[in-house]
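Here is a quick tour of a chain, written to be read with the model open beside it. Have a look around first, then come back for the notes.

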Amino acid sequence: MSLVVHLPADAGDGLSTARLVLRRYTQADLPSLVAMNADPAVMRYLGGVLTPEQSQAMFEHRIMAYYDQHPGFGIWVTSLRASGEIIGMHCLNHIHGEPLIQVGYRIAQAYWGQGYATEMALALMLYGYTRKNLDVISAITDLDHVVSQRVLGIIGLTRLADRQFPHPNLVSCGPLAYFESRRADWLAAFAPPRNACLNMPATKRFTKVLVANRGEIAVRVLRGAKAQGYRTVAVYSDADAGALHVRVADEAVRIGPAPAKDSYLVIEQIIAAAKTSGAEAIHPGYGFLSERADFARAVQDAGLIFIGPDPASIDAMGNKSASKIRMLAAGVPCVPGYQGDDQSDAILIAESKKAGLPVMVKAAAGGGGRGMRLVHDESQLGEAIASARSEASNAFGSGQLLIEKAVIDARHVEIQVFGDRHGNVVHLGERDCSIQRRNQKVVEEAPSPAVDAALRARMGAAAVAAAKAVNYVGAGTVEFLLGADGSFYFLEMNTRLQVEHPVTELVYDVDLVAWQLKVAQGERLPMTQDEILARARGHAIEVRLCSEDPRQNYLPQTGPVLLWDAPAGDGLRVDSYLETGRAISPYYDSMQAKLIAWGEDRETARSRLLKLVRDTALLGVRSNKDYLAEILATETFASGAFSTAFVGQHFPQEKISAAQPSARVWLLAAVALYLDDAQKLAAEHGLSDEMLGWHSSQQAPVDFSLRWGTVDQDIEVLAEGGRRFRAEVSGTRIELMVSAVQPGAFRYEADGVQGSARYARGTGDTLWLMADGVTEAFVDRSYAPAETSAAGSDGRIVAHSDGKIVAVFEKPGEVVAKGQTLAVLEAMKMEFQLAAPIAGSVEAVSVAPGDQVKARQLLVKMTPAA
């Protein structure tokens, strides 16, 4: 609808003939408004008619339009004066300057580095401040390190305490005179105007893509790029020389030793690999360098295309403190808290008390749950701050922390956003990531059971606003806390493809990697917002399969994979790099695969995924597979009525640690050993399958001594013809019949129900068994010598897994108490405190901070107290 304005007869000479009425204001009306903007009388009249939001939008459009269309300095100043003194004052009079500040801030973002436009926008931002919005300005100038020094320099401040209301530099001489006084400086720094807010389309094309990552995400991106017709290049460390992602790629380049800091995190090595292979573009995957602005900048400086957002956008969202300020300025709701530069313990503790416990202590520069602590008790604040700071420094190279009020029993809901270089930003609905442990996601799904169409529209709009506030290009995710009342709060923005992107792809039937490749070359988004939302169909759920032992407080696990087998079928998807015979390394993350299922409705997706998880075989390394199946099987998860407190409520550590194998599983382990020995014997002597387990006596008792964890069982098994097995385990009589035998597998019947078992023999007489809905590891001690002491009672502290020593707290000769922390071991990006198993004195310390250690390696030797 066109803009019509009905002006009063006394509005000014020559205007009385414009007999129009202001009925509706839309974005399309802006050119008409700008055209009339030159007459102060018109503007003063409109100032009483337009809403504050309309006035603000008109003000922003006018400044940017003049700058783009009329690069002359004088015109710009005239425009600035007219807008700032007329429309700007209207904003100030109506809502005390806050929209003016936001407009100035957005202009500063859009034209950063474009000469005088930047400094004028920043000065304008300060010109509009009042006592009411001082906190907003202070926060921006304090925490946004990209602009803070420029802002302070413009108005002649050296510290915030010098601020006056308003500052004389911007008032005593008037804005026009002040800007004119800086004209020479601005003209010297002038560059041809470029609308950075729209990120003008790139014209450079590419045909070869290097993926700067490893594991399942490298495999997924490489396969996706190849499917789109691109040549692909993998990079690898010494630990990954024969890995799947290396073999999937058309070419591969070695980038260094096994530790990530010497390979996957070395920017120069990645760029050199691209140059050597002739790759024109680099995809970062997620993790490693994916959210490092200096990496994106180095890629672009090398003349290559970074398949992701621009460095400025990564910078803008990479620090949680600064990003929260930007979101507040963009009108995105945020959790109350502290994100200041003063990082002293005293200030952080004081701000935590101010926000009100419970609070989240979070790493400002990180994610993935690392450097994050939930604190309920004031007495725990100091320890939590020190621990979070240490973990953040090791994981992200920055110990900066922020404080946020903890929203208890909230859901964690994130919005997938996507932007292009033509100014378009869309969202692809939400993902619910509320099932978390230690603030790390365990289960993700789309759509959220708690989000209806109206809430989705509100959250989607907020996420799009967040992305636009940083001129976002490519795939990104805006994360929110969702309260039970429908209120939601910004958490952070991940400026990369997310681990859980497959559920969005399945629900909306899109390929987000293909979109990334198109947008990186300047193409427009393939679909509009309405087209995207119209594609939504069904439900998808994903779980993260990790090599960790839930019974041992999720201790990371490494070692050879004896068997990896994941089923395929309708609605199923498995993203992994695992292979039978390959080893899981201690140098990288514990997540090994993503198991995903889609269904026409949530229950179908849940049922499919539960079966997929139960049928997937991972033997040789302990994992969270059974734990994932238990989560999916709970009534609470099936109902969809849960929050981020789900794991703590339903799976407390003491419950998980107390779980033990059933009597049937113990017998199945003994049967697996029996059948495996029988098959080996038959193979050695050329016996037929019918002779397996044959014995001259009809009932042959076989004795087994098995160990599970620290639990020992002596089992006498009666084997009849190698097919029927009976035993008594812990007072329970068990009988089962084996109906079919294959290498590493057999079918059986127990209590009238048929089942299947899969097994593998590992090192040290270890048997890995998947049967009866669980995966367990047993040690066959039937021929082992007797033990004389319990583990740790001799004062030997050994590494529980491969990893790196982060700290050693005691020296030889020092007296320590039982339970006192002696050292800290970092494994798979997590820190573990190694405590003294007994009271005594330190006899020897065989490691130092920074040392790489192997599982079971001796670290500290103690002498027991007398």
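What pLDDT does the chain average, and what share of the residues score at least 70?

## Confidence

The average is a pLDDT of 79, and 73% of the residues score at least 70; pLDDT is the predictor's confidence in each residue, on a scale from 0 to 100. This is a predicted model, so local features need pLDDT of at least 70 and side-chain atom pairs count only at pLDDT 80 or more, while totals for chains, interfaces and linings use all residues. Residues are numbered from 1 along each chain as its sequence is written, and side-chain values use heavy atoms, with hydrogens and water left out.

Over residues 62-101 pLDDT stays under 50, and the model has 101 contacts beyond four places in sequence for them; a contact means heavy atoms within 4.5 Å. Residues 103-202 also stay under 50 in pLDDT, with 193 contacts beyond four places in sequence.

## Overall make-up

The chain comes to 29 helices and 39 strands. These are DSSP runs numbered from the N terminus: helices are H or I with at least four residues, strands are E with at least two. Among contacts with a separation of 6 or more, 64% are between residues 24 or more positions apart.

Of the 866 residues, 54% count as buried. Buried means under 20% relative accessible area, exposed over 50%, and partly exposed in between, with a 1.4 Å probe and protein chains only. The accessible surface is about 35600 Å², and 51% of that belongs to carbon and sulfur atoms; the areas come from the Shrake-Rupley method with a 1.4 Å probe, and for residues only the protein chains shown count as cover.

## A parallel sheet

Look for an open sheet of 5 strands in the order β3-β2-β1-β4-β5, with parallel pairing. At its edges are β3 (251-256) and β5 (305-306), each pairing on one side only. Two strands pair if DSSP finds at least two bridges between them.

Further in, β1 (residues 208-211) runs parallel to β4 (residues 281-283), and 3 bridges join them. Valine 211 stands opposite histidine 283 in β4.

## Cores and cysteines

The largest nonpolar core has 77 residues, and those with the most contacts inside it are Phe206, Phe418, Ile435, Val443, Leu609 and Tyr627. Such a core is a set of buried Ala, Val, Leu, Ile, Met, Phe, Trp, Tyr and Cys residues joined through side-chain atoms within 4.5 Å. Leaving aside neighbours within four places in sequence, isoleucine 435 touches residues including Val443, Ile631, Phe637, Phe642 and Phe646. A second, separate core of 33 residues includes Ala669, Ala670, Ala750 and Ala757.

The structure holds 0 disulfides, a disulfide being a pair of cysteine sulfur atoms within 2.5 Å. Cysteine 433 is buried at a relative accessible area of 0%, and cysteine 546 is buried at 11%.

Two cis peptide bonds are worth a click. One runs from leucine 357 to proline 358, with omega near 5 degrees, and proline 358 sits in the loop between α18 (345-355) and β7 (359-363). Another runs from alanine 446 to proline 447, with omega near -5 degrees; proline 447 lies in the loop between β12 (440-446) and α20 (453-469).

Then there are positive phi values. Phenylalanine 288, in the loop between β4 and α15 (293-301), has phi near 50 degrees and is buried at 19% relative accessible area. Aspartate 772 has a phi of about 55 degrees in the loop between β30 (766-771) and β31 (774-780), and is partly exposed at 35%.
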